[in-house]
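Hi there,

Here is the structure I promised to pass on. Have a look at it first, and then read on for what turned up.

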Amino acid sequence: MNKNYYAILMAGGVGSRFWPVSTQDFPKQFHDMLGTGDTLIQKTFHRLADLIPKENIFILTNERYNDLVLEQLPEVEQRQVVLEPAMRNTAPCILYASLKIQKENPDAVMIVAPSDHWIEDEKTFSKNVQKAFNFCSENNALMTLGIQPTFPNTGYGYIEFDKSNSSSIKFVNQFREKPDYETAKAFIEQGNFLWNAGIFMWSVKSVVEAFQNNQPALFKLFKNGISLYNTEFEDDFIRDNYPKAENISVDYAIMEKSTNVYVIAAEFDWNDLGTWGSLYDKLDKDESNNAVVNARTLTEDASGNMIRTQTNKIVVVDGVKDYIIVDKEEVLLIFPKSKEQDIKKTLQQVKDKYGEQYG
């Protein structure tokens with residue numbers, strides 16, 4: 001394996017749309033959401049380890065999840081767990097980890113990947129990433145993997161690429177925010193739009209330079225700690241300075257502002273597993289089109305449901321269609337799939353009424 005290959009595995013989110021399974025203390029990336037025997041973070045780590053030396057995979061997460069990471073990824077050493085002392089968006093943690101990696105290996109080429117994506121064809125994933133690494137090794141480029149749209153989804157941002165050349169590596173014209181339905185339809189009809197999956201590849205030199213040029217204040221904040229990174233004094237510096245960082249996404253911080261951005265259309269199936277409905281789409285279904293995880297069911301006139309319990313509980317469902325039914329300890333959620341985007345709001349109502357411990 002190439003010792004210059006690195007990965008930043010993003011594992012700090014809460015995944016509140018997967019409540020009540022995903023909570024602030026135990027978020028979705030640490031659960032076996034698909035019923036495969038591996039948690040989402042374990043699946044992502046092993047996918048990356050097919051291409052990248054295990055010791056070069058850094059896990060970015062909130063400091064409260066340090067023990068969970070080390071428990072679920074026993075191959076990982078403490079030096080590889082990069083802890084955020086405050087909740088911020090993706091730009092600060094990516095810059096921080098990139099500076100740490102650059103100090104360790106200035107020739108590093110890396111991928112930034114979320115810990116909660118579903119990718120079945122892992123060989124093709126590795127092939128696409130390898131192509132990006134080859135390009136980034138030879139060019140000053142910021143790259144992303146775009147997903148071929150299968151329908152006019154309004155829940156994703158889009159990447160508009162230049163279709164004037166036949167190369168599989170396309171120049172990015174611009175990033176587009178989440179569109180309304182008619183706009184999404186128009187994007188797909190144009191044929192040069194991809195879903196933004198939030199998977200990035202670049203050399204450490206290129207990404208640090210992009211932050212320096214586009215986010216000088218953020219860059220200065222983290223550059224002040226360079227002499228301390230990868231030493232015993234790093235934690236104190238980060239604890240004092242990380243909360244001062246702007247709450248800004250990497251897309252907005254550097255990708256939308258840079259002129260050296262390229263995209264490869266992914267050749268593998270992908271799902272961001274952001275909601276119970278997206279999980280339902282990827283699970284096997286019974287004869288009534290119900291997706292069932294960790295439960296034994298008896299159904300009558302019930303179809304299109306997402307049913308999950310913690311302990312192989314018997315669930316009897318009669319006359320219920322297209323619902324999310326999730327049982328976890330003190331919480332039972334019965335919620336229409338059509339309103340799944342409201343689960344986050346409902347969670348806040350539960351916490352307001354019954355206490356923070358339920359979220």
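Is leucine 298 buried or exposed? Leucine 298 is exposed, because its relative accessible area is 55%, and the cut-off for that word is over 50%. Please keep in mind as you read that this is a predicted model.

Let me stay with that leucine for a moment. Leucine 298 sits in strand E10, which covers residues 291–300. Together with Ile314 and Val316, Leu298 makes a nonpolar surface patch of about 330 Å².

The strands around there may interest you too. E10 runs parallel to strand E11 (residues 306–318), and nine bridges join the two. One of the facing pairs is glutamate 300 with aspartate 318, the latter in E11. E11 also pairs with strand E12 (residues 323–328), again in the parallel sense, and here there are three bridges. In that pairing, isoleucine 307 has isoleucine 325 of E12 as its bridge partner.

Valine 315 is another residue of strand E11. With a relative accessible area of 12%, valine 315 counts as buried, because the limit for buried is under 20%.

Now for the inside. How many cavities of 30 Å³ or more does the structure hold? There is one, and the volume of the largest cavity is about 30 Å³. Its lining is made by Thr44, Arg47, Leu48, Ala113, Pro114, His117, Ile119, Phe125 and Ile199. Helix H1 (40–48) and strand E4 (109–114) each bring at least two residues to that lining. H1 gives the most, with three residues.

One more residue, leucine 279, is worth a look. Leucine 279 belongs to helix H10, which spans residues 276–282.

Best wishes

Methods. Residues are numbered from 1 along each chain as its sequence is written. This is a predicted model: local features need pLDDT of at least 70, side-chain atom pairs count only at pLDDT 80 or more; totals for chains, interfaces and linings use all residues. Side-chain values use heavy atoms; hydrogens and water are left out. Patches are made of residues with over 30% relative accessible area and no salt bridge: like charges are joined within 9 Å, nonpolar side chains (Val, Leu, Ile, Met, Phe, Trp, Tyr) within 5 Å. Accessible areas come from the Shrake-Rupley method with a 1.4 Å probe; for residues, only the protein chains shown count as cover. A salt bridge is a side-chain nitrogen of Lys or Arg within 4 Å of a carboxyl oxygen of Asp or Glu. Helices (H or I, at least four residues) and strands (E, at least two) are DSSP runs, numbered from the N terminus. Buried means under 20% relative accessible area, exposed over 50%, partly exposed in between (1.4 Å probe, protein chains only). Two strands pair if DSSP finds at least two bridges between them. On a 1 Å grid over the protein atoms alone, a cavity is a set of points where a 1.4 Å probe fits but cannot get out, and a pocket is an open set with protein on both sides within 12 Å along at least five of seven lines; lining residues have an atom within 4 Å of a point. Grid points are joined across faces, edges and corners, and a volume is the space filled by probe spheres set on the points.
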